[in-house]
Amino acid sequence: MLGYIDCHCHISARDFDKDIDEVIENSKKAGLLALLAVAEHAGEFDPILQLQHRFPGFIFPCFGVHPVQEVSPEQQRSASLQDLDAALPLIEKYKDHLMAIGEVGLDFTPRYISSEADKESQRQVLIRQAELAKRLDLPLNVHSRSAGRPTIHLLKEQGVEKVLLHAFDGKPSVAMEGVKAGYFFSIPPSIVRSEQKQKLVKQLPLENICLETDSPALGPEKQVRNEPKNISISAEYISQVKGLPLEKVMEVTTQNALRLFPKLKAAIRP
């Protein structure tokens, strides 16, 4: 199966409302086989399901509660267990459709954290979703901003084995703890402008790397809408850093994604 898998994108974002058909068409032309559409809260579940119905065999849902929740466009707060009340029954209901639980994780960026209680609240939300993922035998699609080491440690403590750490912003030495645990790391197109991501890719074994776009964020250019078609930018940069042919990077990262998300293999319609 030769082509790319976007392991983490927000294709249900309002940024794509006006031209979603064109965005999907362009991504297929760019060699994409599948998009994993992540949610940040229960309100995004239905739009993602609608996209799955509209683009069957191409868009696949991941449902979860993000560690940061929006109160208003200007204000965000740490997730609380109450945020799971609407999400968990729906995750149970649609479990057979899901490729992963996500986007979940920890975000200790100072502007979202006003106390140790906020961090603890995020940890409890992640633990509950990790328990659910294990019970449903689904991987976790994980966010870990300013919290690389705490996230990896918590997942290991919880005995979680199937993990994608998306757009990991920690040190390569911390990432290697995830590699030892068998975790995968997905690399966005913003690698072309991120020294941290470039250092990360140098250290990570190709066998632990997947591709993502995090569309509409983390594109090759700052403040410009990112699209799934840009996934090839990630692959090309990795091939340069690793000194490997692009086809090899495409093949191995896709095999990694199919290993981590085994339900994809049967569901993709090339």
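**Entry 1: α5 and α6**

I looked up how helix α5 (residues 148–157) and helix α6 (residues 172–180) lie against each other in this predicted model, and found an angle of about 15° with the axes 9 Å apart, so the two are roughly parallel to each other. For the record, axes are lines fitted to C-alpha atoms, for helices over the stretch in contact, with angles running from 0 to 180 degrees between N-to-C directions; angles under 35 degrees count as roughly parallel, over 145 as roughly antiparallel, 65 to 115 as roughly perpendicular and the rest as oblique. Helices (H or I, at least four residues) and strands (E, at least two) are DSSP runs numbered from the N terminus.

I then listed the contact (heavy atoms within 4.5 Å): α5 contributes G148, R149, I152, H153 and K156, and α6 contributes V174, A175, E177 and G178.

**Entry 2: conventions**

I number residues from 1 along each chain as its sequence is written. Local features need pLDDT of at least 70 and side-chain atom pairs count only at pLDDT 80 or more, while totals for chains, interfaces and linings use all residues, and side-chain values use heavy atoms, with hydrogens and water left out.

**Entry 3: annotated positions**

I checked the UniProt record, an unreviewed entry, which places the feature "binding site" at H8, H10, E103 and D214; its positions are given in the numbering used here, feature names are shortened, and annotations may be inferred rather than shown by experiment. These four span 207 residues in sequence, yet no two of their C-alpha atoms are more than 10.8 Å apart, so they gather at one spot. I found H8, H10, E103 and D214 in the lining of the largest pocket, a pocket being, on a 1 Å grid over the protein atoms alone, an open set of points with protein on both sides within 12 Å along at least five of seven lines, and lining residues having an atom within 4 Å of a point.

The record's "binding site" annotation (unreviewed entry) also covers H143 and H166, which span 24 residues in sequence with no two C-alpha atoms more than 5.8 Å apart, so they too gather at one spot; H143 and H166 belong to the lining of the largest pocket. I placed H8 in strand β1 (residues 4–9) and H143 in strand β7 (residues 140–145).

**Entry 4: backbone**

Most residues other than glycine have a negative phi, and most peptide bonds are trans. I noted a cis bond from G102 to E103, with omega near 20°, where E103 lies in strand β6 (residues 100–107).

Conventions
1 Å grid on protein atoms, 1.4 Å probe; cavity = no way out; pocket = protein on both sides within 12 Å on 5 of 7 lines; lining within 4 Å.
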